[in-house]
Amino acid sequence: MRILIIGPSIKRSKGGTATVISEHMANPIINKLNQLTCLESHVDGNKFEKVYYLLNCIFHILIYHRRYDIVHIHANSDISLYRKTVLVRVSKWVNKKTFIQIHGHDFDSFYQNNKPWLKRYIKETLYKCDKVIVLSEYWKLFFDKEFNNLPVEILYNGLDVKAYEVSRR
């Protein structure tokens, strides 16, 4: 499979989502089975850089969509989700199979405290996805309850614990 992974920069962003993407890109088993391409949708920086990276993603999907079988988009809550909803809609507009992976630790309160029209927009966008990937049973239960018949699957975060082992002498 040829998979376009979209998420925060693994070099210019901090946080768990960038770490997950970095682990996927470095995983020999995943890479043996798939051809992965990573596209940065966000960097730690000023607003102009953030807009530039979002626009770059939009144009990349529009121009190069034939190179990929799946577009896998990583999202958090708040503004991250709004940026990623645009990318979901562009991906579906060019008929790509689209997965969104929700990393936001507070997605439930973010969603429930939103204005009704924003909740409707988020819901419509999630229903456009071929798969919604969550990180735990708690989140699967939340999405199953909040969004009927949404194709939700759990993908637990993997962590290469060898990278964090302390050597003993």
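Guide: A word on naming first: helices (H or I, at least four residues) and strands (E, at least two) are DSSP runs, numbered from the N terminus. The model is a predicted one.

Visitor: In which loop is Arg12 found?

Guide: The C-alpha atom of Arg12 is separated by 8.5 Å from that of Gly45, 33 residues apart along the chain. As for its own place in the chain, Arg12 is found in the loop between β1 and α1 (16–26).

Visitor: Is Arg12 buried, partly exposed or exposed?

Guide: Buried means under 20% relative accessible area and exposed over 50%. Arg12 has a relative accessible area of 36%, and therefore counts as partly exposed.

Visitor: How many salt bridges does the count come to?

Guide: The rule asks for a side-chain nitrogen of Lys or Arg within 4 Å of a carboxyl oxygen of Asp or Glu. By this rule the count of salt bridges comes to five.

Visitor: With which residue does Arg2 form a salt bridge?

Guide: The closest N and O atoms of the pair are 3.0 Å apart, and the partner of Arg2 is Asp69. Arg2 is in strand β1 (residues 2–8), whereas Asp69 is in the loop between α3 (47–64) and β3 (70–75), so the pair, 67 residues apart, links distant parts of the chain. Arg2 is partly exposed at a relative accessible area of 30%.

Visitor: Which residue forms a salt bridge with Asp130?

Guide: The closest N and O atoms in this salt bridge of Asp130 are 2.7 Å apart, and the other residue is Lys92. The pair links distant parts of the chain, 38 residues apart: Asp130 is in the loop between α6 (116–128) and β5 (131–134), and Lys92 is in helix α4 (residues 79–93). Asp130 is partly exposed at 31% relative accessibility.

Visitor: By about how many helical turns are Lys140 and Asp144 separated?

Guide: Lys140 and Asp144 form a salt bridge with their closest N and O atoms 2.9 Å apart. Lys140 is partly exposed at 22% relative accessibility, and Asp144 is partly exposed at 31%. Because they are four residues apart in helix α7 (residues 137–146), their separation is about one helical turn.

Visitor: Which residue in β6 is the bridge partner of Ile133?

Guide: Strand β4 (residues 97–102) runs parallel to β5, joined by three bridges, and Gln101 stands opposite Ile133 in β5. β5 also pairs with β6 in the parallel sense, over three bridges. In β6, the bridge partner of Ile133 is Glu153.

Visitor: What is the hand of the β-α-β crossover from β5 to β6?

Guide: From β5 the chain passes through α7 on its way to β6. This β-α-β crossover is right-handed.

Visitor: Which elements give two or more residues to the lining of the largest pocket?

Guide: About 310 Å³ of space lies in the largest pocket. Its lining has 15 residues, and Ile3, His72, Phe99, Ile133 and Leu155 lie nearest the centre. The elements that give two or more residues to this lining are β1, β3, β5 and β6 (152–154).

How values were computed: Residues are numbered from 1 along each chain as its sequence is written. This is a predicted model: local features need pLDDT of at least 70, side-chain atom pairs count only at pLDDT 80 or more; totals for chains, interfaces and linings use all residues. Side-chain values use heavy atoms; hydrogens and water are left out. Buried means under 20% relative accessible area, exposed over 50%, partly exposed in between (1.4 Å probe, protein chains only). On a 1 Å grid over the protein atoms alone, a cavity is a set of points where a 1.4 Å probe fits but cannot get out, and a pocket is an open set with protein on both sides within 12 Å along at least five of seven lines; lining residues have an atom within 4 Å of a point. Grid points are joined across faces, edges and corners, and a volume is the space filled by probe spheres set on the points. Two strands pair if DSSP finds at least two bridges between them. A crossover is right-handed if, with the strands pointing away from the viewer, the path from the first strand over the helix to the second runs clockwise.
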